[in-house]
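Please open the structure in your viewer and keep the selection tool at hand.

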Amino acid sequence: MTPSSDPFASPLHLDSLAVHAGRDDLAALGVHAPPLDLSSTSPLPDVESGGASYEAMATGHHPLAEGGHVYQRLWNPTVARFEAALARLEGTAEAVGFASGMAALTATVLACTTDPELTGGAPKRHVLAVRPLYGGSDHLLASGLLGTEVTYCRAEEVAQRLRPDTALVVVETPANPTLDLVDVAALCAAAGGVPVVVDNTFATPVLQNPAALGADLVLHSATKYLGGHGDVVGGVVACSERFAAALRRVRAVTGGLLHPLAAYLLHRGLPTLPVRVRTQQAGAQHVAAWLAAHPAVARVHYPGLDDPDGLVGAQMRGPGAVLAVELRGGYEAASTLVRSVRLLTHAVSLGGVDSLLQHPAALTHRPVAAEAKPCDALVRLSIGLEDPDDLVADLDRALCAAAATPAGSLGRPTGPARTAEPVGA
Ligand SMILES: *Cc1c(COP(=O)(O)O)cnc(C)c1O
């Protein structure tokens with residue numbers, strides 16, 4: 001290949017894209033690693049070109065070369081490189097980065113319900129959401145904070161629940177925390193042209209590309225696998241140019257920016273994303289099979305063990321590395337398990353190189369309405385890169401302690417949640 005030829009002229013495989021995407025301009029800059037640009041503002045050549053660039057970006061488009069980036073809330077080159085890389089991995093034209101997964105969902109809801117380019121004129125207030133969802137997403141939609149009205153339904157009910165003012169269908173697959181899978185192609189067909197956002201946080205672009213299945217918007221909490229090292233909070237939405245422009249308009253106005261340092265770390269982590277995800281997945285398969293045979297475990301939720309619709313291998317390239325267990329000893333056993341592990345860490349969040357576990361009903365899904373709250377006996381595990389035998393040994397010890405905790409011996413903190421309560425992931 002000559003140095004000037006486009007490395008993407010022939011389609012690259014995912015692993016190659018993960019290494020090279022978003023780095024097209026580096027050779028011309030004379031650098032090998034992406035530069036970290038922390039500028040809050042940029043020098044402007046003159047009023048006219050600076051103003052024209054401002055106008056382009058404020059209306060959701062790219063900056064004009066002659067007018068500069070103007071201001072970090074409108075554009076940042078480090079963020080733009082990560083966005084370009086993620087778009088390539090998801091197979092979309094563009095991607096837009098945000099301060100967190102929740103900021104990404106907020107911008108998606110605001111854009112789809114209020115942007116005339118997307119609603120076709122007047123605002124549309126109605127959002128259809130397929131449960132289960134991450135607790136924070138469920139809470140945001142239920143709160144009405146964004147001026148929307150939500151209907152929760154099952155995936156099979158989407159077609160019959162659509163209204164003339166439905167602006168968006170929200171779905172998560174695999175879903176947090178029970179790993180339920182939804183057939184994305186079938187769901188998009190049922191949505192009949194209403195925009196569909198798929199939260200692809202658990203699968204990552206390594207295992208699933210919802211845009212290829214018909215999704216209009218592919219959302220990630222980049223805090224999880226994309227970051228992968230437990231040191232970044234961010235969000236990103238991969239989509240067409242039209243949706244990206246609307247999302248950038250919202251981002252420019254509301255300011256839910258992805259910080260350039262976060263974007264730098266996210267971009268730095270992408271080359272290892274495929275190897276991390278596949279190795280973590282192999283560990284999760286090992287741990288899930290072991291847990292399924294353990295006498296203290298009533299049920300393991302893991303697409304690698306339980307996939308009634310045959311979506312693993314079809315829609316997904318693998319079952320992923322998050323799983324959940326229901327313990328026979330109920331809440332007391334769950335509480336003791338998370339307290340007794342040593343190698344795993346009792347913490348919210350997931351997708352990092354180290355294994356975490358947490359109790360969704362008490363933590364990540366605390367603000368979810370009672371009828372949709374995960375059961376008290378459920379513990380969610382995110383498997384990291386440790387040797388799975390060490391994880392199994394740790395879990396074995398902790399499950400023994402859990403089995404010895406008498407039922408009814410602990411108070412339950414998982415009753416009706418207050419709203420407006422900050423929640424972890
Ligand atoms: C964590 C999470 C979110 C929220 O992301 P933040 O980065 O914590 O704001 C959204 N969706 C899913 C599936 C998540 O796991």
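Select Asp-394 first: this residue is buried, with a relative accessible area of 0%. Here "buried" means under 20% relative accessible area, "exposed" means over 50%, and "partly exposed" lies in between (1.4 Å probe, protein chains only). The model is a predicted one, in which local features need pLDDT of at least 70 and side-chain atom pairs count only at pLDDT 80 or more, whereas totals for chains, interfaces and linings use all residues. Residues are numbered from 1 along each chain as its sequence is written, and side-chain values use heavy atoms, with hydrogens and water left out.

A salt bridge is a side-chain nitrogen of Lys or Arg within 4 Å of a carboxyl oxygen of Asp or Glu. Side chains of opposite charge can pair when their charged atoms come close. Arg-397 counts as exposed, at 52% relative accessibility. Both residues belong to helix α15 (residues 388-403), where being 3 residues apart separates them by about one helical turn. Helices (H or I, at least four residues) and strands (E, at least two) are DSSP runs, numbered from the N terminus.

**Further salt bridges**

How many salt bridges does the structure hold? There are 14 salt bridges. Select Arg-248 and Glu-94, whose side chains meet in one of them (2.3 Å, N to O). Arg-248 lies in helix α11 (residues 241-254) and Glu-94 in strand β1, so this pair ties together parts that are 154 residues apart in sequence. Arg-248 and Glu-94 are buried.

Next, select Glu-157 and Arg-154, whose side chains meet in a salt bridge (3.2 Å, N to O). Glu-157 is buried, with a relative accessible area of 15%, whereas Arg-154 counts as partly exposed at 48%. Then select Arg-125, Glu-149, Arg-163 and Asp-165, which are linked in a network of salt bridges.

Two strands pair if DSSP finds at least two bridges between them.

Contact means heavy atoms within 4.5 Å; axes are lines fitted to C-alpha atoms, for helices over the stretch in contact, and angles run from 0 to 180 degrees between N-to-C directions.

Strand β2 (residues 126-130) runs parallel to β3, joined by 5 bridges. Within this pair, Ala-129 stands opposite Tyr-152 in β3.

Select β6, which is mostly covered, with 5 of its 5 residues buried. In a regular strand the side chains alternate between the two faces of the sheet. Leu-217, Leu-219 and Ser-221 point one way from β6, while Val-218 and His-220 point the other way. Strand β5 (residues 196-199) is joined to β6 by 3 bridges and runs parallel to it; the partner of Val-198 in β6 is Val-218. On β7, 5 bridges are made with β6 in an antiparallel arrangement, and His-220 has Val-236 as its bridge partner there.

Move to Pro-210, in the loop between α10 (204-207) and β6. Is Pro-210 buried or exposed? Pro-210 is buried, with a relative accessible area of 0%. Leaving aside neighbours within four places in sequence, Pro-210 is in contact with residues including Glu-90, Val-184 and Val-218.

**The sheet of 5 strands**

Finally, select the strands in the order β8-β9-β12-β11-β10, an open sheet with mixed pairing. Its edges are β8 (297-301) and β10 (345-346), each with a single partner strand. β8 pairs with β9 (residues 322-327) in the antiparallel sense over 4 bridges, and the bridge partner of Arg-299 in β9 is Glu-326.
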